[in-house]
Amino acid sequence: MSDRTPSAGTTPGAGSPARPAAPHVDAGDAGYSKDLKSRHINMIAIGGAIGTGLFLGAGGRLAGAGPSLALAYAVCGLFAFFVVRALGELVLYRPSSGAFVSYAREFMGEKGAYTAGWLYFLNWSTTAVADITAAATYAHFWAMFSDVDQWILALIALAVVLTANLISVKYFGEMEFWFAIVKVAALVVFMGVGIFLVATSHDVGGHTPGLHTLTDNGGVFPLGMLPLLLVVQGVVFAYASVELCGVAAGETRDPEKVMPRAINSIMWRVALFYVGSVVLLALLLPYTSYSADESPFVTVFDKLGVPGAGGVMNFVVLTAALSSLNSGLYSTGRILRSMAVAGSAPKFTALMNRGQVPYGGILLTAAFGVLGVGLNYVMPGEAFELVLNFASIGILGTWGMIMICSLLFWRRAEEGRVVRPAYRLPGAPYTQVATLLFLVSVLFLMWWGGGVGRTTVACLPLIAALLVGGWFAVRKRVLALAAERRD
């Protein structure tokens, strides 16, 4: 028996021309409310594109690569846009809360859906650990929390976000809306202040900002090209949530109107907020002024001597970490439910509460967050870096599966078996192939950089073995359910 379910546009008979048929129907899409509004989706798209990778990660990457970091953000941002645009085309073809797992099931069969789903879970279960670690680290900025153990703060952060996520999708949408408002407002204020400081050559901690900050400190590539290449995998992590709006599309009304506007806005937001912010940071202070231990925005405001400014920016980066955790619990809950209905995830992850929330999948992800609390207890100094690299593997796998689904969708459209929507990934199929090559190159750079990154890549055979073993454990149930759907 094949693991592949029949496609929506199977040719009706030998020698007869292929024709489009009704889109694939995913049983995991049933039961959801449609309570996410246009403003929620727009802010989810913003929140997915702006996270801890910018607010915290940019400090260490600036110190390690210099101003060339702006180029890394621009290049990675372009490929992130290709990924979310490809997902957007699939969403307009068929909105689904199972998102790319549902599309993998349609175009790659049950093995593809199984692989896509568990790679996504690897991404977010480890990202949840990184987020609660980051939240606990930021909380230590304030004296009132400085004596509280990091693991306790991590547990509090997890409990607060988990509670809101379990009530209803409205609470998730509202929380993410306001988290995104805080992040955008902070970046707008910073960029306004930064442009003013550069334009007026205002003193910043004893340094006069301007173009000479670059020229006097080694230019755009002060440490050469190698550090730029090595930070790319960390920069990819900064864009890790851009696919979230595709998952949320299954719980919104009129996705045909809402999604294109939200996705198209990601490109200019990336250029403005990521690239613009890094350029300003590089003009305000020498790259050696920044460090991995502190948000670069906090560094700038502290040096300005503005009372409370550092505390305000620290609150913003805390918000970014909680936003990411909020998104991870939301999306994995939906993805795991789609998998559970098909038999490739534990049955309890398909359970829904009265608020139409798939609480089983959310609790499973939160359980890994609890393991992260333990990791913060055992090794608080190394927890973030360790899980960051494993999350990167999950991100690369998820993005790769999205682009493969997009490529297969394009091929079926060329064969006349499905119809592409008017909203499309430009340059297909070359953009899909280029993005897949980029993702493979990032994986190579992780290995080439040595350290924790090489150790993580060396774990790929173990991850593959677990996936294969897991497939053989669930295969009978998956194929039995697939047979029932065909009947």
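Predicted model: local features only at pLDDT ≥ 70, side-chain atom pairs only at ≥ 80, totals over all residues.
The crossing of α4 and α18 is left-handed, a term used when the near helix is turned anticlockwise from the far one by less than a right angle, with right-handed meaning clockwise. Residues are numbered from 1 along each chain as its sequence is written, and side-chain values use heavy atoms, leaving out hydrogens and water.

Let us stay with this pair. Helix α4 covers residues 69-93 and packs against α18 at an angle of about 130°, with the two axes 10 Å apart. That makes α4 oblique to α18; angles under 35 degrees count as roughly parallel, over 145 as roughly antiparallel, 65 to 115 as roughly perpendicular and the rest as oblique. The axes are lines fitted to C-alpha atoms, for helices over the stretch in contact, and the angles run from 0 to 180 degrees between N-to-C directions. The helices themselves are DSSP runs (H or I, at least four residues), numbered from the N terminus.

Which residues of α4 and α18 meet? On the α4 side they are Val75, Cys76, Phe79, Phe82 and Val83, and on the α18 side Thr431, Ala434, Thr435 and Phe438. Contact here means heavy atoms within 4.5 Å. Sorted by class, this contact of α4 with α18 has seven nonpolar, two polar and no charged residues. In this sorting, Ala, Val, Leu, Ile, Met, Phe, Trp, Tyr, Cys and Pro are nonpolar, Asp, Glu, Lys and Arg are charged, and the others, Gly among them, are polar.

Helix α4 is mostly covered, with 21 of its 25 residues buried. Buried means under 20% relative accessible area, exposed means over 50%, and partly exposed is in between (1.4 Å probe, protein chains only). The 25 residues of α4 should span 36 Å at 1.5 Å a residue, and its end C-alpha atoms are 36 Å apart, which agrees. The expected span is 1.5 Å times one less than the number of residues.

Now turn to α14 (residues 296-304) and α15 (residues 309-342), which pack at an angle of about 170° with their axes 8 Å apart. That makes α14 roughly antiparallel to α15. Phe297, Val298, Phe301 and Asp302 in α14 meet Ala309, Gly310, Met313 and Asn314 in α15. This contact of α14 with α15 divides into five nonpolar, two polar and one charged residue. The buried residues of α14 are Pro296, Phe297, Val298, Thr299, Val300 and Phe301. After α14 comes glycine 305, with a positive phi near 75°.

Helix α15 also packs with α8, at an angle of about 145° and with axes 9 Å apart. The crossing of α8 and α15 is left-handed. By class, their contact has twelve nonpolar, four polar and three charged residues.

The loops have details of their own. Serine 201, in the loop between α8 (169-200) and α9 (212-215), has a positive phi of about 55° although it is not a glycine. Is serine 201 buried or partly exposed? Its relative accessible area of 41% makes serine 201 partly exposed. Glutamine 356, in the loop between α15 and α16 (359-378), also is not a glycine and has a positive phi, near 60°. At 31% relative accessibility, glutamine 356 counts as partly exposed.

Finally, look at proline 429, in the loop between α17 (383-414) and α18 (430-448). The peptide bond from alanine 428 to proline 429 is cis, with omega near 5°.

How values were computed:
Helix = DSSP H or I, 4+ residues; strand = E, 2+ residues; numbered from the N terminus.
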